[in-house]
Amino acid sequence: MRRPIIAGNWKMNNTKAQTYALLNDLVPLVKDAEAEVVICVPYTSIWAAGDAIKGTNIHLGAENVHWAEKGAFTGEISADMLKEQGVEYVIIGHSERRQYFGETDQTVNMRVKAALAHGLKPIICVGETLEEREGGKVEEVLVRQTTEAFKEIDKDELDNIVIAYEPVWAIGTGKTATAQDANDTIAIIRGTIAKLYCEKCADKIRIQYGGSMNPKNAKELMAMPQIDGGLIGGASLKAVDFSQVVKYNA
Ligand code: PEP
């Protein structure tokens with residue numbers, strides 16, 4: 001059995017004061033959730049978020065991590081720095097980073113290695129663009145992104161990794177993949193893990209869906225056998241909406 005994991009991706013939203021306000025509302029709303037709950041917040045909110053969720057069932061995440069230990073990388077943050085702040089999860093390879101900040105399959109892999117080496121749990125994002133979908137390239141893209149992200153990653157690390165399938169055309173657009181489509185596409189990713197590692201490894205790894213997931217569609221998506229959770233952007237910025245996604249069965 002794979003425990004569902006619902007993670008919020010705040011992106012570039014929420015000041016310190018807004019972080020406290022949102023989390024003070026969220027904590028009581030999700031306290032008895034069955035799913036694992038994660039919030040991935042901007043670097044500047046990490047300390048405040050950690051403080052606000054201390055002793056609760058909410059896990060702390062960051063939105064990116066650099067691959068180097070330390071050094072001349074102005075504006076970057078290392079795995080060590082995140083770990084020291086109590087961060088447990090880190091989003092890697094989000095499509096916005098691939099699209100706007102030159103993230104490649106290779107840099108995704110470097111970040112994944114750095115995160116794991118420091119005891120952080122990567123949430124690795126993969127997903128096709130609309131052009132790739134319309135060009136019939138979904139499988140090719142997902143197999144490539146998954147294979148490259150997991151290059152030289154040991155089988156023993158798989159329990160510490162979550163994959164997020166995020167079709168780029170569904171992120172922040174209000175367009176959701178149909179539950180069946182999301183399920184079938186995630187099956188391709190799981191099949192890739194089976195080929196790279198083993199069937200049992202593929203059965204165990206958690207794969208989220210992300211892309212305009214909200215309180216209205218969460219139940220249907222989460223009912224699909226391949227979907228083990230959600231990576232939630234817009235709907236994670238309102239405590240009530242996020243809590244309703246977290247408690248998709250209520
Ligand atoms: C995301 O940023 O990972 C995401 C899925 O965003 P949204 O839910 O807003 O589509």
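I took a nonpolar core to be a set of buried Ala, Val, Leu, Ile, Met, Phe, Trp, Tyr and Cys residues joined through side-chain atoms within 4.5 Å. Buried means under 20% relative accessible area, with a 1.4 Å probe and protein chains only.

This is a predicted model, where local features need pLDDT of at least 70, side-chain atom pairs count only at pLDDT 80 or more, and totals for chains, interfaces and linings use all residues. Residues are numbered from 1 along each chain as its sequence is written, and side-chain values use heavy atoms, without hydrogens and water.

**Cores.** I looked up the largest nonpolar core and found 69 residues. Ile6, Leu26, Ile39, Phe150 and Tyr209 have the most contacts inside it. Helix 8 (residues 179–196) gives this core its largest share, six residues. Helices here are DSSP runs (H or I, at least four residues), numbered from the N terminus. A second, separate core has eleven residues, including Tyr89, Ile91, Cys125 and Leu231.

**Helix 8 again.** I checked arginine 190, which lies in helix 8. Arginine 190 counts as buried because its relative accessibility is 6%.

**Ligand.** A ligand oxygen is 2.7 Å from a side-chain N or O atom of lysine 11. For glutamate 166, I again found a ligand oxygen 2.7 Å from a side-chain N or O atom. At glycine 172, a polar backbone atom is 2.6 Å from a ligand oxygen. Taken alone, the ligand exposes 300 Å² (Shrake-Rupley method, 1.4 Å probe). The protein buries 96% of that.

Definitions and conventions: Buried < 20%, exposed > 50% of the residue type's maximum accessible area, 1.4 Å probe, protein only. Helix = DSSP H or I, 4+ residues; strand = E, 2+ residues; numbered from the N terminus. Polar contact = N/O pair within 3.5 Å; in protein donor to acceptor, adjacent residues only side chain to side chain.
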